[in-house]
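User: Hi, I have a structure open and would like to go through it slowly with you. Could you help me read it?
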Amino acid sequence: MTELETMGSLAKKASRALAAANAEKKNEALFAIADILEKNADKWLFANALDIKEAEKNGMPLSLQDRLRLTPERVSAIAQSVRDVAALPDPTGIVLSEVLRPNGLRIDKVSVPIGVVGIIYEARPNVTVDAAAISLKSGNASILRGGKEAINSNLCVIELIRDAIESAGLPRDCTALVKSTDRSSAKELMELTEYLDVLIPRGGPGLIRSVVQNSRVPTIHTGEGVCHVYVDEDADLELGAKVLYNAKCSRPSVCNAAECLIVHKKVAEAFMNEAMPLLKEKNVEIRGDAKIQNIFGTEVKEASEEDWDTEYGDYILAVKTVSSLDEAIDFINQHGTGHSEAIITTDPDKAARFLNEVDAAAVYVNASTRFTDGGEFGMGAEIGISTQKLHARGPMGLREMTSYKYIVYGEGQVR
């Protein structure tokens, strides 16, 4: 038995104990995790500093370094997010429906944990905590496999988490970290069908596509975000500029950041004159179509066909002009990734059409795409943002980490 198979076997055993644990016991473990993170913040920050030093040495882009970096404030926020998860209702054991059949059988549909969840992710040490916490509260054991960029951070925090879980009287193997960052370990995890019930990739497009295409374990497609903001001819341009600035610039490295602006030709020049001063504050590179180039000349680079399908994760914005709402919707449905899309308009009929006809997990009217987040949606932390339609869609919180089974009560009925 390989090391990963042993980890899977232990996780399977732990998942049964965890599925039988009541909400109080799971919450006790979560509060213990939050406490141990705060008490050992310096230890975790020291490990993270080693990762940051290596990232700087290897020339990692600053936007990605930001995703990797921990600060005392971020550690406190992560610990609080664990407490927020503990405060949420237990998603398991809920009777989703109850049917009394003519033969006297009572059939209850009841929410249950999925079982053992595998998560493959990249350079975000907070994901280690989020994934462990959400899996724990939803009654699932978890096997985590982070990227090499965050290996010191992850090795440090996983032992803190496991110690906290054990201190609460649950098996420490309720969560585990794959210590190898070789590609072979990712491949083996994708083939761990005997132990894993689902595999969730969380990271860049390359990682997500690799897992979805190669995994033998059922997967949930998450995180790939080519998000758009469409500024309609009836938009409040000042409001739109503020929304665009937030959607693009507040944190460009995350999947709910806007990558493409679509603007109606009638207001293109006026809107860009409103938005450009804000975008210049962050030195955003604009890649525009012919109309945008004609307006701004050398300030704008020529957009290629690839730009309409690129998740930059950086201070780069593609700009496309359209002549109608229909054209905007068609463009989004062709080039979007099903993540988050926004319209800026004062026309309620156009807003309603956009909401109904754009195919995405989250659709916004006059608000930033940056709100597509488990915490912002009231879920506490999140395991990822699903861009598929089965079994979950959008931010995946506790309820999305459950399945269900049928419980049937009888009095000797036979068929």
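Analyst: Gladly, and one definition comes before the rest: helices (at least four residues) and strands (at least two) are DSSP runs, numbered from the N terminus. Please also keep in mind that this is a predicted model.

User: OK, how many helices and strands does the chain have?
Analyst: The chain has 14 helices and 16 strands. Its radius of gyration is 23 Å, close to the 22 Å that the globule rule gives for 415 residues, so the chain is as compact as a globular protein of that length.

User: And what does the C-alpha trace span along its principal axes?
Analyst: The C-alpha trace spans about 75 × 65 × 35 Å along those axes. Of the 415 residues, 53% count as buried, and the accessible surface of the chain comes to about 18500 Å², with 48% of that belonging to carbon and sulfur atoms.

User: What about contacts between residues at least 6 apart in sequence?
Analyst: Among those contacts, 73% join residues that are at least 24 apart in the sequence.

User: Switching topic, how many aromatic pairs does a search of the whole structure find?
Analyst: The search finds two aromatic pairs. In one of them, the ring centres of Trp-308 and Phe-331 lie 5.6 Å apart with the planes at 80°, and because planes over 60 degrees apart count as edge-to-face, this pair is edge-to-face. The pair links distant parts of the chain, 23 residues apart, since Trp-308 sits in the loop between strand E10 (301–302) and strand E11 (316–322), while Phe-331 belongs to helix H13 (residues 325–335).

User: Are those two buried or exposed?
Analyst: Both Trp-308 and Phe-331 are buried. Tyr-404 and Tyr-406 also form an edge-to-face pair, at 5.9 Å centre to centre and with 80° between the planes, and Tyr-404 is partly exposed, with a relative accessible area of 42%.

User: Now the backbone: which residues does a cis peptide bond join?
Analyst: A cis peptide bond joins Leu-390 and His-391, with omega at about 0°, and His-391 is found in the loop between strand E14 (385–386) and strand E15 (394–395).

User: And what is phi for Asn-283?
Analyst: Asn-283 has a positive phi of about 55°, although it is not a glycine. Asn-283 lies in the loop between helix H11 (268–280) and strand E9 (285–288), and at 65% relative accessibility Asn-283 counts as exposed.

User: Where is Asn-366, then?
Analyst: Asn-366 is in the loop between strand E13 (362–365) and E14. Its phi is positive too, near 55°, and at 31% relative accessibility Asn-366 counts as partly exposed.

Key:
Residues numbered from 1 in each chain as written. Predicted model: local features only at pLDDT ≥ 70, side-chain atom pairs only at ≥ 80, totals over all residues. Heavy atoms only, no water. Rg over C-alpha atoms; globule rule 2.2 N^0.38 Å. Buried < 20%, exposed > 50% of the residue type's maximum accessible area, 1.4 Å probe, protein only. Contact = heavy atoms within 4.5 Å. Areas by Shrake-Rupley, 256 points an atom, 1.4 Å probe, with all protein chains shown as cover. Phe/Tyr/Trp six-rings, centres within 6.5 Å; stacked < 30°, edge-to-face > 60°.
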